[in-house]
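The sequence and structure come first.

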Amino acid sequence: MRERTLMNARGLGLLLLTVLCVYSFGTSFLFAGDGNSQNLNHILSIPNAEFLLGTDHFGRNMWLRLADALQLSLFLALACVLTSVVTGVILGVLAATRGGWIDRLIDMLVTLIMALPGLVLVMIFASIAPGSLLVLYIAIALIQWVEYFRLTRAVIQRVDTSPAVESSRLMGFGLWYLFRRHYWPVLAPQLLTLAAFGAANAVLMMASLGFVYVGIQPPTAELGQMIVELFPYYQEAPWLLAQPLLALALLVLAFHLCGRRGADAPD
Amino acid sequence: MHLIKTTDLAVYAGNVELLQPLSLTLNKGERLTILGQTGSGKSLLAQAIMGNLSESLHCEGNVELFGKSRSLSERKALWGRQLTLLPQEPWNALSPLMTARNQLKETYRLVRGLAESAARTRTEEDLNQFELQAGADKRVDQLSGGMAQRVAITCAMAGGAQVLLADEPTKGLDISRRDHVVGQLKAQAADGVLLTITHDVAVARQTGGRVMVMKDGVLLEEGLAEDVLSTPQHPYTRALISADPAKWWQPPRQVFPEDSEALISARQLTVGRGDQALVSGLNFTVHPGEVVGVVGDSGCGKSTLGDTLLGLIPPHSGLVDRQKGISAHHWQKLYQDPTAAVSHAVPLNVLLTDLVQLHNLDATSVPALMARLGLSETLLQRTASEVSGGELQRFCLLRILLLKPVFLFADEPTSRLDPVTTREVSQLLVDLAREQGCAVMLVSHDPMLIEKRCDRVIQLSA
């Protein structure tokens, strides 16, 4: 009943994500050519046997470009989530178990970051070094670790006072053991949910920056920037504008479905 | 009309039968007590009837409630208002964020459906009746074990259900409160059904009605309470009844002179939690090999004293001198609630291996210790959620014994165990003291147990 629908939601999300991954990474192996080479003899062509998704206003192969853009988004999402989970969890454990000035110092830093709207902070970074993927990644990871930190700190502060942890401490076990056996099992399901939403947010953030032209610079294919490039041709070639929009929507949907709580998680 | 009827109800974990097929019928006004050792499948029966078995288990057979066969979702609709399970572990049953008073009031408002003012009046009545006013504005983590248990019972009964399934309702309560709780249960179930699951023979006697004696998921004996308890037929029932602490053999007490070398000495000690001092003016010494009983009302600071002696919290004032030069892991604590005291993430044998590796312990002594504690190898392959409280407590004791402690603070270690296991576990604690020269401080609400097991008693009073 309810449990079954939840299982299906997560399963559907994973399936969708797998399909998108297979398409974007498989394309680089299976199809010749690249998404940036122009062919002005074939501009704005409708999907056909040669160009599976048609071509854009420079005659670039949309099938290849869309795969490149998705690859970039997936890669950035993965990198941002991994970095911010590791940072957030390590600092969260430190703040919750050590307390004192470490806790206050990190808390101050977090308050500073949270005081600014996330997207504005990323835009400041992006406009310092336009088009740099590295700076974009640093900026997004910098605002995202805060979430994982706050979750980790709250969960571990509670677990830390339980008799189980006290007993393990009395028996002489160290912090790493407490983390493996006590903190992580409680934390992991909640982190997974947060990480799925975090990945979706990273993708949306990069697309937003591309859309206002401060993100990844042309000719590199990027979803947000493709949307704004194809926007003027929505009347002549609406199928072209629909492609990056649909890809973006599907990718975000896939992440959100993955983040649905499993049947085993408490309400 | 029968209110509960089970037909060949059995519980399995995979292919392993945990509860033998059992048929029982309870009509309006009837009381049934299921008596047996921990781990005998008693709790599973209640969960199978309620429909809240954990996902790794499944049940077969048929359950009829209020004269009709009910699906799981139909049974859920009855929860609280018509059918209630009094939970075994109050810590898992109460909201960790609400005070006892608000929790009780919310139950009256939302489950019973009373108006705000009526709910408030009923809440205050209950708090007075169960002597809970002192803890009414505390959260569950601030309450003592006995108080939390009474709050959980009050909340479970507030819904007004007349079919009560009570899983060890008197665990962790002292005798006068136990009698009160049993009286309340009988009164509320007068027009319904009371199914009590217990290991306490005295509770079975007070409840009256019918009794079923179970061991390892098998029904051994069944009949009217007075018949079964006065003339038990099965050897196991006889063992259970003779395991009452009052009938234990009392070993000679050992006297440790005050001036012999002390392991711990406390001078003018005041202990408390946060800013609140609980007990003051304590002066005592504990010697190696001594068994010291600690008694006092629930919530009077017994656990806090233990934490202070172990160095987990600082004393409010006064001095605690612990013998120098003993490494930290030789000072141990046995917890009241074993399910809260171990990690549920991995099987028990992994936890055991972790400990053996950490301190390079002698793993060859494990099988002998396990045999002595009555633990089997297959049991250790399960996680903490999948074994009974009694089994888990014996596992906790196994880990502690392996560490060869010099001091053990045992905080009501037997309040979740049946009489037979209580006798064995408490005897093991005494043996530990005598054989390894470990000082044991034993907290219990049972004066007979303290009397039979301890060399000396420390009485705490606020």
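Which residue takes a positive phi in the hairpin of β4(B) and β5(B)? Phe66(B) does, with phi near 50°, and the hairpin has two residues between its strands.

The model is predicted: local features need pLDDT of at least 70, side-chain atom pairs count only at pLDDT 80 or more, and totals for chains, interfaces and linings use all residues. Residues are numbered from 1 along each chain as its sequence is written, while chains are lettered from A and ligands numbered from 1 in the order in which they are written.

Strands (E, at least two residues) and helices (H or I, at least four) are DSSP runs, numbered from the N terminus. Strands pair if DSSP finds at least two bridges between them.

| Strands | Sense | Bridges | Opposite residues |
|---|---|---|---|
| β1(B) (residues 2–13), β4(B) (residues 57–65) | antiparallel | eight | Lys5(B), Glu64(B) |
| β4(B), β5(B) (residues 68–69) | antiparallel | two | Glu64(B), Ser69(B) |

Chain B holds 16 helices and 18 strands.

In chain A, the axes (lines fitted to C-alpha atoms over the stretch in contact, with angles from 0 to 180 degrees between N-to-C directions) of α8(A) (residues 223–230) and α9(A) (residues 238–258) come within 9 Å and cross at roughly 155°. That makes α8(A) roughly antiparallel to α9(A), a label for angles over 145 degrees.

Conventions:
Parallel < 35°, antiparallel > 145°, perpendicular 65-115°, else oblique.
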